[in-house]
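Subject: Structure handover

Hello,

Here is the structure we talked about, handed over for your use. My notes follow below it.

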Protein chains: 2
Amino acid sequence: MTATRSSTVRHTRFDSLQQEAYLNLWRTYDRLKVVEDELFVKYDLSAQQYNALRLLETVHPGTMPTLALGQRLISRAPDMTRMLDRLEERSLVQRERRPENRRVVEVAIAPAGLQLLEELSSQVREGHKRQLGHMTAHELKQLIELLQAARNPHEEEGSRWHSKEKS
Amino acid sequence: MTATRSSTVRHTRFDSLQQEAYLNLWRTYDRLKVVEDELFVKYDLSAQQYNALRLLETVHPGTMPTLALGQRLISRAPDMTRMLDRLEERSLVQRERRPENRRVVEVAIAPAGLQLLEELSSQVREGHKRQLGHMTAHELKQLIELLQAARNPHEEEGSRWHSKEKS
DNA sequence: GGACTATAGACGTTTCAACAACTATTGTCT
DNA sequence: AGACAATAGTTGTTGAAACGTCTATAGTCC
């Protein structure tokens with residue numbers, strides 16, 4: 001009687017279904033992140049920086065206060081100042097203080113930043129295809145919905161990531 | 001005629017379904033990670049370190065070579081040496097070189113490490129409940145399956161994270 | 001069995017992230 | 001108007017991650 005991998009054994013590595021889900025989430029994120037990072041390192045960018053540029057692009061030619069930008073990033077960024085320092089050094093963004101309120105620093109994407117995004121756009125698209133191109137549209141939609149449901153209680157009510165109840 | 005949020009508008013923030021899925025994955029991981037980190041900082045641990053201790057626990061009272069441990073962690077860790085330095089300083093693990101092969105360093109969890117895990121176990125369980133306790137078992141299983149499918153092509157064939165085809 | 005290669009880890013350095021403390025500016029309250 | 005509080009960033013510091021290089025040991029092949 002050799003022991004076969006029966007489905008009742010399946011969860012032995014995990015303490016609970018919640019844990020299994022979380023560790024799978026972590027692992028999956030980590031694996032897919034590798035694909036994305038491969039692309040960005042070639043341009044000396046972090047995913048987070050790319051994300052910031054993308055956000056600034058959406059308001060271009062307008063601007064955005066430093067902190068507002070930080071709050072809208074996917075992953076929380078407590079050190080916007082230095083991140084913007086690096087982007088500004090490379091002329092990817094511009095900063096200015098306006099006389100109306102000299103506390104806030106308004107940030108805008110610079111021409112070089114727009115050009116970089118342009119240059120990257122097709123590669124990023126291909127990267128996402130390499131990451132998840134093997135999944136069907138139906139699977140992806142289902143995954144997205146479940147992920148939203150999973151994090152929803154952890155999002156603030158008004159956040160762009162928060163989704164309201166269906167009913 | 002006020003514009004309602006019709007479902008056709010839903011994807012405007014994303015370039016593709018793959019991108020939407022990946023960014024949702026990232027965001028969800030980031031949000032849930034916050035919950036876990038809250039717990040671990042109280043014990044001056046990183047999630048990665050906790051993970052390493054858990055792995056060592058599974059082989060206790062046996063040992064594991066440094067690199068093997070690094071490869072089995074959820075997220076890749078290129079600097080096991082110093083991570084183990086820190087754990088050893090706190091007497092959570094022990095290391096030794098054996099005469100059979102003086103290249104490899106065998107790592108074992110130490111009594112203090114076992115005790116720490118014991119101390120943490122219920123809190124970790126509660127943490128996972130706080131993270132995902134609002135999801136039904138069915139949803140969690142579905143999520144797990146989709147996550148596995150999503151990362152599967154990015155796992156090595158023999159990895160503990162790789163799942164074979166169903167058929 | 002000596003040269004060559006492969007393996008396992010350690011170490012030096014640079015860069016980033018996180019946290020706290022600090023500065024400058026504006027708003028509020030009496 | 002002056003004192004106090006709140007807002008928006010900045011800066012210092014410490015710890016950890018990433019990367020490549022370096023050392024020690026073991027296996028392989030004339």
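In what sense do S1(A) and S3(A) pair, and over how many bridges? They pair in the antiparallel sense, over two bridges. Please keep in mind throughout that this is a predicted model.

**The sheet in chain A**

The strands of chain A form an open sheet of three, in the order S1-S3-S2, with antiparallel pairing. Its edge strands are S1 (64–65) and S2, each of which pairs on one side only.

One bridge partner to look at is A:Glu106 in S3(A), which belongs to A:Glu96. Another pair puts A:Arg98 opposite A:Asn101 in S3(A). A hairpin links S2(A) to S3(A), through two residues.

H2(A) lies across this sheet. The helix spans S1, S2 and S3 of chain A and runs at about 95° to S3(A).

**Helix H4 of chain A**

Next, the helix at residues 80–89. Which residues of H4(A) are buried? They include A:Met83, A:Leu84 and A:Leu87. These residues sit on the same side of H4(A), because they cover an arc of only 95° around the axis. An α-helix has 3.6 residues a turn, so residues three or four places apart point the same way.

The other side of H4(A) carries exposed residues: A:Thr81, A:Arg82, A:Asp85 and A:Glu89. What covers the buried residues? The cover includes two helices of chain A, H2 (47–59) and H3 (66–72). It also includes two strands of chain A, S2 (93–98) and S3 (101–109). After H4(A) comes A:Ser91, with a positive phi near 60°.

**The sheet in chain B**

Chain B has an open sheet of three strands in the order S1-S3-S2, with antiparallel pairing. S1 (64–65) and S2 of chain B are the edge strands, each pairing on one side only. Helix H2 (residues 47–59) of chain B packs on the sheet and touches S1, S2 and S3 of chain B. The direction of H2(B) makes about 95° with that of S3(B). Helix H4 (residues 80–89) of chain B packs on the sheet as well, touching S2 and S3 of chain B. The direction of H4(B) makes about 120° with that of S2(B).

S2 (residues 93–98) and S3 (residues 101–109) of chain B run antiparallel, with six bridges between them. B:Val93 has B:Ile109 of S3(B) as its bridge partner. B:Gln94 has B:Ala108 of S3(B). A hairpin through two residues joins S2(B) to S3(B).

**One residue in chain B**

B:Leu67 is in helix H3 (residues 66–72) of chain B. Is B:Leu67 buried or exposed? B:Leu67 counts as exposed, because there are 11 C-beta neighbours inside 10 Å. The cut-off for exposed is 12 or fewer. B:Leu67 is also 37 Å from B:Thr136, C-alpha to C-alpha, and the two are 69 residues apart in sequence.

**How the two chains meet**

At the interface, 46 residues of chain B are in contact with 45 residues of chain A. Three helices of chain B each supply at least two residues of the side that touches chain A: H1 (17–41), H5 (111–132) and H6 (137–151). H1(B) gives the most to that side, with 17 residues. By type, the residues of the side of chain B that touches chain A divide into 22 nonpolar, 13 polar and eleven charged.

The copies meet through the same surface, because 98% of the interface residues of chain B are also interface residues in chain A.

Best wishes

How values were computed:
Residues numbered from 1 in each chain as written. Chains lettered and ligands numbered in written order. Predicted model: local features only at pLDDT ≥ 70, side-chain atom pairs only at ≥ 80, totals over all residues. Pairing = 2+ DSSP bridges. Helix = DSSP H or I, 4+ residues; strand = E, 2+ residues; numbered from the N terminus. Buried ≥ 20, exposed ≤ 12 C-beta atoms within 10 Å, placed from the backbone. Arc of directions from axis to C-beta. Contact = placed C-beta atoms within 7 Å. Axes fitted to C-alpha atoms, helices over the stretch in contact; angles between N-to-C directions. Nonpolar A, V, L, I, M, F, W, Y, C, P; charged D, E, K, R; others polar.
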